[in-house]
Amino acid sequence: MIRPVPRLWLWLDTALSWTALLGIVASLGWIAFHGLRPLDVGGTLFGGSFNQMKYAGAWITAIAGMLLASACRLTGYRAAWCMAGVLQAGAGAWWLLHYPENHGGDLIPSPRRGEIAAAMLVGVALLIGGVFLHLGAARAPRHRPLSHTRRLARLVVASALILIFAGIPLANVLRAPLPQCAFSKDGMQLTLCLDASDTPTIID
């Protein structure tokens, strides 16, 4: 027989679950906004594909976090899918409306309009998936209360997701930015040196 769960554990489970999910959703929104931003990639190596690969990798990582949260049934995971879809579709719509004009034909924007539209369709798919999860949960019979072991596992997963999608980004934001023309002690260049007047700075 499964004994009732103390209110403190229920509150902790809800708080950690929502914190983890909001961290993932915020990461997806940031990735969508900056990854779908059309930039002139003329003259860049491989047409700026490395930049798109970086955002694609970050997006896949965030989606993997969402899938893990869904597999563990963290509190609010259905709403998180809906929010992620709305943010991605909204970011795509924003950049389509503010797509740079190229009257002279000199710009090579990336991503292209079709790629942004495809990303918007993915966002709509995420939204529809979240709606279907809500409808399925409303029609499904009530589940038995979680055992203490499964609830503890959910707390561990939620804490790990908070560290990955909230703690690490926050630490990067709070960290002091590197100065221009910075080098490590081993001689590796860390930031750009724009011209010969820039004085190299050694960073510990």
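Student: Trp30 first, please: is this residue buried, partly exposed or exposed?
Tutor: The model is a predicted one. Trp30 has a relative accessible area of 49%. Buried requires a value under 20% and exposed a value over 50%, so Trp30 is partly exposed.

Student: How many aromatic pairs does a search of the whole structure find?
Tutor: The search covers the whole structure, and the number of aromatic pairs found is two.

Student: Is the pair of Trp30 and Tyr55 stacked, edge-to-face or tilted?
Tutor: The ring centres of Trp30 and Tyr55 lie 6.0 Å apart, and the ring planes meet at 45°. Stacked planes are under 30 degrees apart and edge-to-face planes over 60. The angle for Trp30 and Tyr55 is 45°, so this pair is tilted.

Student: How many residues apart in sequence are the parts that this pair ties together?
Tutor: Trp30 belongs to helix 1, residues 7–35, whereas Tyr55 belongs to helix 2, residues 49–71. The pair therefore ties together parts whose separation in sequence is 25 residues.

Student: Is Tyr55 buried or exposed, and which residue has its charged end over the ring of Tyr55?
Tutor: The relative accessibility of Tyr55 is 12%, so Tyr55 counts as buried. A charged end sits over its ring, 4.8 Å from the ring centre, and that end belongs to Lys54.

Student: Phe33 and Trp95 also pair; which helices hold them?
Tutor: The rings of Phe33 and Trp95 have centres 5.0 Å apart and planes at 45°, so this pair is tilted. The pair links distant parts of the chain, 62 residues apart. Phe33 lies in helix 1, and Trp95 lies in helix 3.

Student: Which of these two terms, buried or partly exposed, applies to Phe33, and which to Trp95?
Tutor: Phe33 has a relative accessible area of 34%, which makes Phe33 partly exposed. For Trp95 the relative accessible area is 11%, and Trp95 is buried.

Student: What percentage of residues 79–97 is helix?
Tutor: The unreviewed UniProt entry annotates residues 79–97 as one of its spans under "transmembrane region". In the model, the end C-alpha atoms of residues 79–97 are 27 Å apart.

Student: What pattern does the protein chain follow along the sequence?
Tutor: The protein chain has five helices and four strands. Read along the sequence, their pattern is α-β-α-α-β-α-α-β-β.

How values were computed: Residues numbered from 1 in each chain as written. Predicted model: local features only at pLDDT ≥ 70, side-chain atom pairs only at ≥ 80, totals over all residues. Heavy atoms only, no water. Phe/Tyr/Trp six-rings, centres within 6.5 Å; stacked < 30°, edge-to-face > 60°. Helix = DSSP H or I, 4+ residues; strand = E, 2+ residues; numbered from the N terminus. Buried < 20%, exposed > 50% of the residue type's maximum accessible area, 1.4 Å probe, protein only. Lys NZ or Arg CZ within 6 Å of the ring centre and 35° of its normal. UniProt positions renumbered as here; feature names shortened; annotations may be inferred.
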